[in-house]
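Biologist: I would like to go through this model with you. Could we begin with the last helix?

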Amino acid sequence: MSRPRSAQPDPRSILRSGLPDRYLTPDDIAEMFEVPKETVYQWRKKRTGPPGFRIGKHLRYDPTDVRAYVTERKSADQAAA
């Protein structure tokens with residue numbers, strides 16, 4: 001008997017293998033970076049994490065912006081080393 005597939009794939013594998021066809025939630029970002037969701041909200045408040053935007057009262061992240069943020073952080077980290 002095969003296990004049922006999850007409705008949504010692991011966001012970390014999405015970021016590595018290709019861009020999803022949907023905007024990401026704070027839960028997705030927290031799971032991707034393995035941090036508490038509160039950290040994601042603090043990043044937004046301090047403007048230090050990936051850029052997000054509001055749709056009404058809901059916070060969303062464009063996967064392209066998240067990928068650019070990761071690339072930028074990797075470059076900055078390599079330059080500092």
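Modeller: On one side of α4, the residues E72, Q78 and A79 are exposed, where exposed means over 50% relative accessible area, buried under 20% and partly exposed in between, with a 1.4 Å probe and protein chains only. Please note that this is a predicted model: local features need pLDDT of at least 70, side-chain atom pairs count only at pLDDT 80 or more, and totals for chains, interfaces and linings use all residues. Residues are numbered from 1 along each chain as its sequence is written, and side-chain values use heavy atoms, with hydrogens and water left out.

Biologist: Which residues of α4 are buried?

Modeller: Those are P63, V66 and Y69. They lie on the same side of α4, because they cover an arc of only 115° around the axis; the arc is that of the directions from the helix axis to the C-beta atoms.

Biologist: How many residues does α4 have, and how far does it reach?

Modeller: Helix α4 covers residues 63-80, which is 18 residues, and spans 26 Å from its first C-alpha to its last, close to the 26 Å expected at 1.5 Å a residue. The expected span is 1.5 Å times one less than the number of residues.

Biologist: What is the pattern along the sequence?

Modeller: The order is α-α-α-β-β-α, with four helices and two strands in the protein. Helices (H or I, at least four residues) and strands (E, at least two) are DSSP runs, numbered from the N terminus.

Biologist: In which sense do the two strands pair?

Modeller: Strand β1, residues 52-55, pairs with β2 in the antiparallel sense over four bridges; pairing requires that DSSP finds at least two bridges between the strands. G52 is opposite Y61, and F53 is opposite R60. The two strands form a hairpin with two residues between them, and G56 in the turn has a positive phi of about 65°.

Biologist: Changing topic, which residues make up the largest nonpolar core?

Modeller: That core has eight residues: L24, I29, A30, M32, V40, L59, Y61 and V66. Such a core is a set of buried Ala, Val, Leu, Ile, Met, Phe, Trp, Tyr and Cys residues joined through side-chain atoms within 4.5 Å. The elements giving two or more residues to it are α2 (26-33) and β2 (58-61), and α2 supplies the largest share, three residues.

Biologist: What percentage of the protein counts as buried?

Modeller: Of the 81 residues, 23% count as buried.

Biologist: Which residues have a positive phi although they are not glycine?

Modeller: E34 has a positive phi of about 55°, and R47 one of about 60°. Most residues other than glycine have a negative phi.

Biologist: Where do E34 and R47 lie?

Modeller: E34 is in the loop between α2 and α3 (37-46), and R47 is in the loop between α3 and β1. E34 counts as exposed at 60% relative accessibility, and R47 counts as exposed at 78%.
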